[in-house]
Amino acid sequence: MNTSALPSAVLDAMHNLTLAYRRQMRAALHAQALPLTANELKVLLYVGHHPLCTHKDLVAHTGTDKAQVARLLQQMETHGWLERVPHPQDKRSRCLRLSAQGAEAFTGLRNHRSSLGAQMLAGWSMSEQQQLLDLLRQMHSQLAALPLPQGEGDSLAHDPSYHPPHLHD
């Protein structure tokens, strides 16, 4: 392959992988009859992996503005997917945790995601999996460090300290 075409081929492959992954996760939502949007799914998985996280944590993780996250959380709380509880160290603050309904959905989705990951990486050695993870984190770090194009708002900026979930998640 022509070396000048390689970056585009890498981006195309990542895009196709993302589309295939999202298609699988949407199918899992439908199979479990979970009426969640893509953003609600993202929040459910994040809160499930990070119990007692805060609104601020979600804003940093998603790169979405505070008001949009607040509306999303209100909607999810109204539909019984999560609960707001007092922060253990700061009584003025509230933390997020999954409700019983949210925890049940999270368990099913986590199991599907884990199975999907195992199938995707079947035949890969642990060192190959670790190398892939390291390369993806390096790519993310380099991309997050780039300045945003002119005219883009801060709400699109992602937290450069974010790392994708570990292999066992």
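Predicted model: local features only at pLDDT ≥ 70, side-chain atom pairs only at ≥ 80, totals over all residues.

Visitor: How should I read a positive phi in general?

Guide: Most residues other than glycine have a negative phi. With that in mind, look at A33, which is not a glycine and yet has a positive phi of about 55°. A33 sits in the loop between α1 and α2, and it is exposed, with a relative accessible area of 60%.

Visitor: What is the phi of L52, and where does L52 lie?

Guide: L52 is a residue other than glycine with a positive phi, near 65°. Its place is the loop between α2 and α3. L52 is partly exposed, at a relative accessible area of 38%.

Visitor: Is T54 buried or exposed?

Guide: T54, which lies in the loop between α2 and α3, is buried, with a relative accessible area of 14%; the cut-off for buried is under 20%. Leaving aside neighbours within four places in sequence, T54 is in contact with H87, R94, C95 and L96.

Visitor: Let us step back. How many helices and strands does the protein have?

Guide: There are six helices and two strands. Starting at the N terminus, the order of elements is α-α-α-α-β-β-α-α. Of the 169 residues in the protein, 24% are buried.

Visitor: How do I judge the length of a helix, say α2?

Guide: Compare its span with the one expected at 1.5 Å a residue. Helix α2 covers residues 38-49, twelve in number, and its first and last C-alpha atoms are 17 Å apart, close to the expected 16 Å.

Visitor: Which residues of α2 are buried, and what covers them?

Guide: The buried ones are E40, L41, V43, L44, L45, Y46, V47 and G48. Their cover includes the helices α1, α3, α4 and α5 and the strands β1 and β2.

Visitor: How do I tell whether a helix has a buried side?

Guide: An α-helix has 3.6 residues a turn, so residues three or four places apart point the same way. In α4, the buried residues are V69, L72, L73 and M76. These cover an arc of only 100° around the axis, which puts them on the same side of α4. On the other side of α4, R71 and T78 are exposed. Covering the buried residues of α4 are, among others, α2, α3, β1 and β2.

Visitor: Which residues are buried in α3?

Guide: They are L58, V59, H61 and T62. Their arc around the axis is only 165°, so they too lie on the same side of α3. The buried residues of α3 pack against α2, α4 and β2.

Visitor: How do I describe two helices that pack together?

Guide: Two packed helices are described by the angle between their axes and the distance between the axes. For α2 and α5, the axes come within 10 Å and cross at roughly 95°. That makes α2 roughly perpendicular to α5. In this contact, α2 supplies L41, L44, L45, G48 and H49, while α5 supplies G102, A105, F106, L109 and R113. Sorted by class, the contact has six nonpolar, three polar and one charged residues.

Visitor: At what angle do the axes of α2 and α4 cross?

Guide: They cross at roughly 80° and come within 11 Å. α2 and α4 are therefore roughly perpendicular to each other. Here N39, E40, V43 and L44 of α2 meet Q68, L72, L73, Q75 and M76 of α4. This contact has five nonpolar, three polar and one charged residues.

Visitor: How far apart are R110 and G48, in sequence and in space?

Guide: They are 62 residues apart in sequence and 8.8 Å apart in space, C-alpha to C-alpha. R110 belongs to helix α5 and is partly exposed, at 32% relative accessibility. For the protein overall, among contacts between residues at least 6 apart in sequence, 54% join residues at least 24 apart.

Note on methods. Residues numbered from 1 in each chain as written. Heavy atoms only, no water. Helix = DSSP H or I, 4+ residues; strand = E, 2+ residues; numbered from the N terminus. Expected span 1.5 Å × (residues − 1). Buried < 20%, exposed > 50% of the residue type's maximum accessible area, 1.4 Å probe, protein only. Contact = heavy atoms within 4.5 Å. Axes fitted to C-alpha atoms, helices over the stretch in contact; angles between N-to-C directions. Parallel < 35°, antiparallel > 145°, perpendicular 65-115°, else oblique. Nonpolar A, V, L, I, M, F, W, Y, C, P; charged D, E, K, R; others polar. Arc of directions from axis to C-beta.
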